[in-house]
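User: I would like to go through the interface between the parts of this model. Could we begin with a specific contact?

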Amino acid sequence: MKKVALIGFGAAAIGFLKGMIDNGNIKDYEVDVYEMGRDIENSGFGGLKYDGKLFISKNMGGDLEIPTNIQREIVEFFLEKADMISYENGKKVYKKDIEHGLSFDDEDLFKKFYNEGFEPVKSEFFHIGTDALADTVKKIYQDFEKEENINFHFNSKIEKINKFESHYTINNINKNYDHLILAVGRRGHKLVKSLIAQEPKIVLSNNKVDLGVRFELPDHVVQELNDKMYEFKLRLKTKTGYTVRTFCNNPSGEVTLEKYDDFVTVNGHAKANKKTKNTNFAILVTHSFTQPFNDPIGYGSYISKLSNILSGGEKVILQTYEDFYNSNRTKKVGRVEPTLSDDSYILGDLNLVFPRKTVESIIDFMERLNEVIPGITYPDNLLYGVEAKFYGNKVDNSLFDNLKIIGDSSGWTRSITYAAAHGYLISNTL
Ligand SMILES: Cc1cc2nc3c(=O)[nH]c(=O)nc-3n(C[C@H](O)[C@H](O)[C@H](O)COP(=O)(O)OP(=O)(O)OC[C@H]3O[C@@H](n4cnc5c(N)ncnc54)[C@H](O)[C@@H]3O)c2cc1C
């Protein structure tokens with residue numbers, strides 16, 4: 001029986017294992033899953049821990065071509081475990097109380113944004129919610145655990161990969177693996193980096209990082225958008241030439257910290273049952289670099305760290321829109337009450353963190369968005385920084401038959417649906 005080491009148990013690994021079971025390959029392979037989280041409750045990262053918004057879209061979530069029927073199959077797999085699907089006369093139906101809809105289905109709304117220069121991104125979305133998500137992932141894990149040929153090893157951070165002629169070994173574990181599947185997400189970038197050092201040919205490209213802010217405002221300003229589509233995604237080419245996009249809208253949500261090994265950034269999520277009065281979403285500026293610079297992750301990390309240095313530790317900077325616009329340090333917030341706990345931020349000036357071009361891109365985006373959604377640029381609305389989205393190095397998975405990098409760590413995906421679908425499709429190549 002061939003041996004597979006699957007490193008990481010996140011969305012991509014879930015898709016991979018589901019694929020192995022669905023296509024019947026699992027009976028010919030023994031799969032050891034190594035996850036650094038202490039146990040299932042303490043595992044997972046990002047969208048599998050917070051929020052759980054699932055999308056079906058050709059225009060967002062990753063740079064792979066994933067047929068929508070595969071995307072739907074993946075999404076329905078999660079929804080089924082979340083108990084959000086029922087069967088009527090043998091047909092699947094989505095339960096009525098789940099948050100589900102189509103973005104920019106409303107033609108008038110679509111045109112309003114379009115005419116102002118925005119590109120509204122169409123997608124179908126479902127929202128599981130942070131609270132229901134933990135149970136969903138646990139149920140998936142319990143089903144996989146029942147499989148004879150899948151062995152889970154928690155509390156197992158893999159730090160070393162050794163490549164031999166026909167097999168791999170990991171850490172100091174005395175076992176030869178015929179296949180190595182890396183599914184470590186963005187958090188596992190150090191491991192991917194060490195693999196790339198051994199196999200530099202595997203990198204196809206690496207030139208982008210998205211940097212910006214998490215924006216927070218009262219629900220009522222964006223009520224129409226929240227009611228019509230829960231998640232609105234927009235792109236705009238700003239006057240600086242940089243493209244700015246919205247990402248991860250959380251109606252009645254909360255702003256949170258996102259912890260990396262040596263810095264913290266900001267993020268947001270929404271719970272299905274515990275609501276706040278504020279909506280938050282990310283406003284991200286895409287920074288693309290050309291030769292000789294080739295370290296966008298380093299660039300994004302430095303800018304993120306700078307916000308932590310200015311805040312005096314593991315904190316981010318919070319500023320009102322008016323002060324951001326005028327480049328004044330915020331000393332007092334106004335009518336919008338921050339949802340991030342007050343030991344996680346200091347009031348400050350994000351103009352000391354971001355380069356001028358980034359600031360100008362954000363302001364241009366906000367001012368134009370205000371033309372479509374009056375109230376976006378209310379002086380009291382809040383900006384938290386830095387929010388960063390790192391794109392992993394895009395890897396070439398066709399190079400080796402017995403080594404595959406899947407999900408966000410491959411650089412090709414940036415969502416639960418795409419990461420899981422990537423794993424699902426790769427399981428067929430074994
Ligand atoms: C706060 C936040 C909210 C998000 N919300 C959404 C959302 O609502 N909808 C959406 O579609 N996407 C969302 N995303 C993005 C989404 O989470 C990712 O695109 C997706 O989870 C990627 O799947 P993955 O399997 O590649 O990585 P992950 O899901 O991150 O899984 C990687 C796993 O590998 C483990 N690991 C890492 N390194 C090692 C190692 N060295 N050894 C062993 N194990 C290791 C990690 O502990 C983790 O469990 C969000 C991201 C963040 C950060």
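User: Which side chain meets Glu 231 in a salt bridge?
Analyst: This is a predicted model. In it, the side chain of Lys 53 forms a salt bridge with that of Glu 231, at 3.7 Å from N to O.

User: How many salt bridges are there between domain 1 and domain 2?
Analyst: The count is two salt bridges. Polar contacts across the interface of domain 1 and domain 2 involve six residue pairs, with both residues at pLDDT 80 or more.

User: Changing topic, where are the domain bounds?
Analyst: Domain 1 consists of 2–84 + 128–204 + 392–429, and domain 2 covers 208–390. Their C-alpha centres are 29 Å apart.

User: What area do the two domains bury between them?
Analyst: Domain 1 and domain 2 bury about 1500 Å², and 50% of that is on carbon and sulfur atoms.

User: Which residues in domain 1 lose the most area to domain 2?
Analyst: Those are Lys 53, Asp 131 and Arg 186, which together account for 34% of what the domain 1 side buries. Lys 53 is also the salt-bridge partner of Glu 231.

Key. Residues numbered from 1 in each chain as written. Predicted model: local features only at pLDDT ≥ 70, side-chain atom pairs only at ≥ 80, totals over all residues. Heavy atoms only, no water. Domains from an automatic or database assignment. Buried area = accessible area lost by both parts, 1.4 Å probe. Salt bridge = Lys/Arg side-chain N within 4 Å of Asp/Glu carboxyl O. Polar contact = N/O pair within 3.5 Å; in protein donor to acceptor, adjacent residues only side chain to side chain.
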